[in-house]
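The following report describes a single protein chain. Please consult the sequence and the coordinates alongside the text.

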Amino acid sequence: MQIQVDIGFDDLIRIVKELPKEQLLKFKKELEKQNTNDTQLQDLESFLLTAPTFSDKQLEEIGQTRKAINQWRKK
């Protein structure tokens, strides 16, 4: 069974502030875990955008090598 409740932002803040200390710490850990996942995704995206790429000459050499391998396989 699933229930969906619409809670306003101010009400949500009030509810969080009323949490017992243990539950508040658990809540904070969950939020930090989500932030860590977001950071890791951003780090991966940043790496991929700044990672080295093949030059045109390297791509041409790869194409020639593939062509040579395909010809060798057909023999």
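The model discussed here is predicted. V5 is placed in the segment before α1, the helix that covers residues 9–17. Together with M1, I3, I7, L12 and I15, V5 forms a nonpolar patch on the surface. The accessible area of this patch totals about 690 Å².

I7, another member of the patch, is likewise found in the segment before α1. When residues up to four places away in sequence are not counted, I7 touches L12 and I15. L12 and I15 also belong to the nonpolar patch.

## Salt bridge

The structure holds one salt bridge. The partners are R14 and E18, whose closest N and O atoms are 3.5 Å apart. This distance lies within the 4 Å cut-off for a salt bridge. Side chains of opposite charge can pair when their charged atoms come close.

The two partners fall into separate accessibility classes. E18 has a relative accessibility of 54% and so counts as exposed, the threshold for that class being over 50%. R14 has a relative accessible area of 43% and is partly exposed.

## Overall architecture

The chain contains three helices and zero strands. Read from the N terminus, its elements follow the order α-α-α. The radius of gyration is 26 Å, well over the 11 Å that the globule rule gives for 75 residues, so the chain is more spread out than a compact globule. Along the principal axes, the C-alpha atoms fill a box of roughly 75 × 35 × 25 Å.

One pair of residues illustrates the separations within the chain. Q58 lies in helix α3 and, at 38% relative accessibility, counts as partly exposed. From C-alpha to C-alpha, Q58 is 56 Å from D6 in space, and the two residues are 52 residues apart in sequence.

## Accessibility of the whole chain

What share of the 75 residues counts as buried? The value is 1%, with buried meaning under 20% relative accessible area. The accessible surface of the chain comes to about 7,900 Å². Carbon and sulfur atoms account for 55% of that surface.

## Confidence of the prediction

The average pLDDT of the chain is 87, and 97% of the residues score at least 70. Where in the chain is confidence lowest, and where is it highest? The lowest confidence is in helix α2, residues 21–50, with a mean of 82. The highest is in helix α3, residues 56–74, at 94. Q58, described above, lies in helix α3.

Note on methods:
Residues numbered from 1 in each chain as written. Predicted model: local features only at pLDDT ≥ 70, side-chain atom pairs only at ≥ 80, totals over all residues. Heavy atoms only, no water. pLDDT = per-residue confidence, 0-100. Helix = DSSP H or I, 4+ residues; strand = E, 2+ residues; numbered from the N terminus. Patch = residues over 30% accessible without salt bridge, like charges linked within 9 Å, V, L, I, M, F, W, Y side chains within 5 Å. Areas by Shrake-Rupley, 256 points an atom, 1.4 Å probe, with all protein chains shown as cover. Salt bridge = Lys/Arg side-chain N within 4 Å of Asp/Glu carboxyl O. Rg over C-alpha atoms; globule rule 2.2 N^0.38 Å. Buried < 20%, exposed > 50% of the residue type's maximum accessible area, 1.4 Å probe, protein only. Contact = heavy atoms within 4.5 Å.
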